[in-house]
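Let's take a walk through this model together. Have the sequence and the coordinates open side by side, and we'll go one piece at a time.

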Amino acid sequence: MRWLMALAVRLYPRAWRVRYEEEFRALLEDVNPSWRAALDVLGAAVVMRLKAISLGRIVWLSGLVGLLGGFGTWVLSPNRFVSQAVIKIEGPGFSHRALSDYLAALARGTVSRRSLYKIILDRDLYAAERRREPLEDIAGQMREHITIKPYGTNSALLQFESTDQKLSKRSPTI
Amino acid sequence: MSDPTILLLASLADGDKHGYAMMEDIERFAGVRLGPGTLYGAITRLEQQRWIRPVASEDRRQPYRITAEGRAHLTGLLEKLNTVVKTGLRRLKHA
């Protein structure tokens, strides 16, 4: 363990070592070598290193880390393509209740298994996936990407979201 | 009670000591075993604050001495601590 402590001393800032290294090494020769002591020496080196960094450099480094993190997220995140359609509901006797009922009916009609099968086959969606997976699984995936919700007081929003631009363009909301 | 500043100043209050002697002394009177890195981190800070200073020595082991400012600072810390201790004990007694 003494070797680790001796190695850890090299991690201290140069200015600190110029002033304290000789006496610090003398102290390390006196203490019982242990994991705890070695980790303490190592931890103090890290703390001193961090304290030696100027505020300007911390700001600069934080900015750089943030920039790299943002760039990495942008590169790694898949693009999302959303197609939307707004259906305006008008007519005598229209009410909020009617909108809720309409949305429920629309949801039932749109995301039912039968309806999704028809949309997928008619529009030739998920062609590659259909060669690998059963249609039921593909319909399940598609259902998760469809959103139907109220839009304003008398409209409904249909949305289909996908990481595949072509699929999104040929989606049922268009 | 594990603040290295107060422990180190209290250790030096009765005379000059080098690092290892401080570690042993602190363990004896406070039951706290400071690690070498923690100890020298505290020594660095206290010397920068001018609360301790190195004393000339032939040995590689560098002894340190508490300064007048260090004594004043330690006195202030201990008085505050004393108030907390007295208040806590009084409240415990009346609880």
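Let's start with strand 3 of chain A, which is mostly covered: seven of its eight residues are buried. Buried here means under 20% relative accessible area, while exposed means over 50% and partly exposed is in between, with a 1.4 Å probe and protein chains only. Strands (E, at least two residues) and helices (H or I, at least four) are DSSP runs, numbered from the N terminus.

Before going on, a word on the ground rules. This is a predicted model, where local features need pLDDT of at least 70 and side-chain atom pairs count only at pLDDT 80 or more, while totals for chains, interfaces and linings use all residues. Residues are numbered from 1 along each chain as its sequence is written, chains are lettered from A and ligands numbered from 1 in the order in which they are written, and side-chain values use heavy atoms, with hydrogens and water left out.

Now, where does strand 3 sit? Chain A has an open sheet of three strands, ordered 1-3-2, with antiparallel pairing. Strand 1 (81-88) and strand 2 (146-151) of chain A are the edge strands, each pairing on one side only. From one strand to the next, the twist averages 20°; axes for such angles are lines fitted to C-alpha atoms, for helices over the stretch in contact, and the angles run from 0 to 180 degrees between N-to-C directions. As a reminder, strands of a sheet pair through backbone hydrogen bonds, either parallel or antiparallel. Two strands count as paired if DSSP finds at least two bridges between them.

On one flank, strand 1 of chain A pairs with strand 3 (residues 155-162) of chain A over eight antiparallel bridges. Strands 2 and 3 of chain A form a hairpin with three residues between them, and Gly152(A) in the turn has a positive phi of about 75°.

Step back to chain A as a whole. There are nine helices and three strands, and from the N terminus on they run α-α-α-α-β-α-α-α-α-β-β-α. Buried residues make up 29% of its 174 residues. Of the contacts (heavy atoms within 4.5 Å) in chain A with a separation of 6 or more, 63% are between residues 24 or more positions apart. Chain A exposes about 11,600 Å², with carbon and sulfur atoms supplying 58% of it. Accessible areas come from the Shrake-Rupley method with a 1.4 Å probe, and for residues only the protein chains shown count as cover.

Over to chain B, which has four helices and three strands, in the order α-β-α-α-β-β-α from the N terminus on. Of its 95 residues, 40% count as buried. Chain B exposes about 5,600 Å², and carbon and sulfur atoms supply 52% of that. In helix 4 (residues 68-94) of chain B, have a look at Leu89(B), which is exposed, with a relative accessible area of 52%.
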